[in-house]
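This report concerns the arrangement of strands in a sheet. Please keep the sequence and the structure in view while reading.

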Amino acid sequence: MRRMRGLALWGAVLTAVAAGVVPARAEGTPGYAGTAREAVAVTEADLSYHGFAVLHGGRVDVRLTPRNHGPGDVSDATVRLRWSVPLAAGAQRLPAGCARTGRQEVVCGTGALPADGPGEAIALRVRLRGRPAEMTMDVDTLWGGGAVDRNRANDRQRVLLLDTGDAYFF
């Protein structure tokens, strides 16, 4: 049930973002009826994620910290974690703010990200289907809180994980 509520919430957020639902405001001219795009100031931010992941015995432990290099603040963003191996069937114990969105994917809200500052660390453990000797994990921004990120290169990472129990940093 909790998973379904989480998925419904993320679905509503993504639908609103995709549809470009933004309230219009007056620009100081009586009778001004500009478009929603004209009435919204665009925030610019530069998001990135740094942390580590450990693959051991069919589970992956991930700890990452989102960071906003600015120049604007971001009220919330969504980071997506995608594995090359399917997650184990059934419920996964995920932290608050995270939801499984597919066979191989989890999304997590970052919370507020001040300009030139780190956000709160996100830590999670997922169980995998089987016990792969190696796999990849992709980390990227699914939603940037409505901010424009002109440097998308630093918010996309691919990490090779080997089943050694060692931490692989990104």
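## Terms and model

Two strands are said to pair if DSSP finds at least two bridges between them. The structure discussed here is a predicted model.

## The sheet as a whole

The sheet is open and consists of 5 strands, arranged in the order S4-S5-S3-S8-S9 with antiparallel pairing. At its edges lie strand S4 (98–102) and strand S9 (156–162), each of which pairs on one side only. On average, neighbouring strands of this sheet are turned by 25 degrees against each other, when direction is ignored.

In general, the strands of a sheet pair through backbone hydrogen bonds, and the pairing may be parallel or antiparallel.

## Strand S3 and its partners

Strand S3 (residues 78–83) pairs with strand S5 (residues 105–109) in the antiparallel sense, and 5 bridges connect them. Within this pairing, Thr78 has Gly109 of S5 as its bridge partner.

S3 also pairs with S8, again in the antiparallel sense, over 6 bridges. Here the bridge partner of Arg80 is Asp140 in S8.

How many of the 10 residues of strand S8 (residues 134–143) are buried? The number is 7, and the strand is accordingly described as mostly covered. For this count, a residue is buried when its relative accessible area is under 20%.

S8 is joined to S9 by 7 bridges, and these two strands run antiparallel. In this pairing, Glu134 stands opposite Leu162 of S9. S9 is one of the edge strands of the sheet.

Notes: Residues numbered from 1 in each chain as written. Predicted model: local features only at pLDDT ≥ 70, side-chain atom pairs only at ≥ 80, totals over all residues. Heavy atoms only, no water. Helix = DSSP H or I, 4+ residues; strand = E, 2+ residues; numbered from the N terminus. Axes fitted to C-alpha atoms, helices over the stretch in contact; angles between N-to-C directions. Buried < 20%, exposed > 50% of the residue type's maximum accessible area, 1.4 Å probe, protein only.
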